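Open the structure in your viewer and keep the selection tool ready.

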Amino acid sequence: MKPLQVLIVDDEPLIVKELGNYLKLCGFTVHEAPAPSAAFEILERETVDIGLLDVRLPEMDGIEVLRRVTERSPGLEVLMMSG
C-alpha cells in the first residue's frame with residue numbers, strides 16, 4: 001500500500017522539521033513548503049492526500065492559500081494550524 005502524502009506549509013523551519021520528522025516516522029511521505037508559492041509548485045507535480053497549512057504565511061494568508069489549494073485539489077483534506 002502506498003503511503004499517504006502530506007504537504008506541510010509553514011514558514012517556521014523548526015515546526016516543519018519536527019512535524020515532518022514525526023510524520024515520516026509514522027510512515028507518511030512528506031513534502032515541505034516554506035511559502036505558498038512552493039506549496040503550489042508541489043501540488044502541480046505531486047498528488048497530495050493531506051495538507052497541514054499555517055494560517056500566517058508570507059506572500060498571502062493561509063485562508064487565501066486554502067481557497068486556492070481546494071480549487072486546484074478539491075479532494076485534499078486540509079488541517080489549518082496556528083501558533
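Helices and strands here are DSSP runs, numbered from the N terminus. Keep in mind that this is a predicted model.

**Stop one: the cavity.** Select β1 (5-9), β3 (50-54) and α3 (62-72). Each supplies at least two residues to the lining of the largest cavity. Which element gives the most? That is β3, with 3 residues. The volume of this cavity is about 50 Å³.

Now select the lining itself: Leu7, Val9, Ala39, Gly51, Leu52, Leu53, Val65, Val69, Leu76 and Val78. Colour the lining by class.

**Stop two: helix α3.** Select glutamate 64 and arginine 67. Their side chains form a salt bridge, 2.5 Å from N to O. Both sit in α3, 3 residues apart, or about one helical turn. Salt bridges with shared partners join Glu64, Arg67, Arg68 and Glu71 into one network.

Arginine 67 is partly exposed at 40%, and arginine 68 is partly exposed at 32%.

**Stop three: another pair.** Select glutamate 32 and lysine 24. They form a salt bridge, with the closest N and O atoms 3.9 Å apart. Glutamate 32 is partly exposed at 37%, and lysine 24 is partly exposed at 43%. In total, the structure holds 5 salt bridges.

Technical notes: Residues numbered from 1 in each chain as written. Predicted model: local features only at pLDDT ≥ 70, side-chain atom pairs only at ≥ 80, totals over all residues. Heavy atoms only, no water. 1 Å grid on protein atoms, 1.4 Å probe; cavity = no way out; pocket = protein on both sides within 12 Å on 5 of 7 lines; lining within 4 Å. Points joined across faces, edges and corners; volume = space filled by probe spheres on them. Helix = DSSP H or I, 4+ residues; strand = E, 2+ residues; numbered from the N terminus. Salt bridge = Lys/Arg side-chain N within 4 Å of Asp/Glu carboxyl O. Buried < 20%, exposed > 50% of the residue type's maximum accessible area, 1.4 Å probe, protein only.
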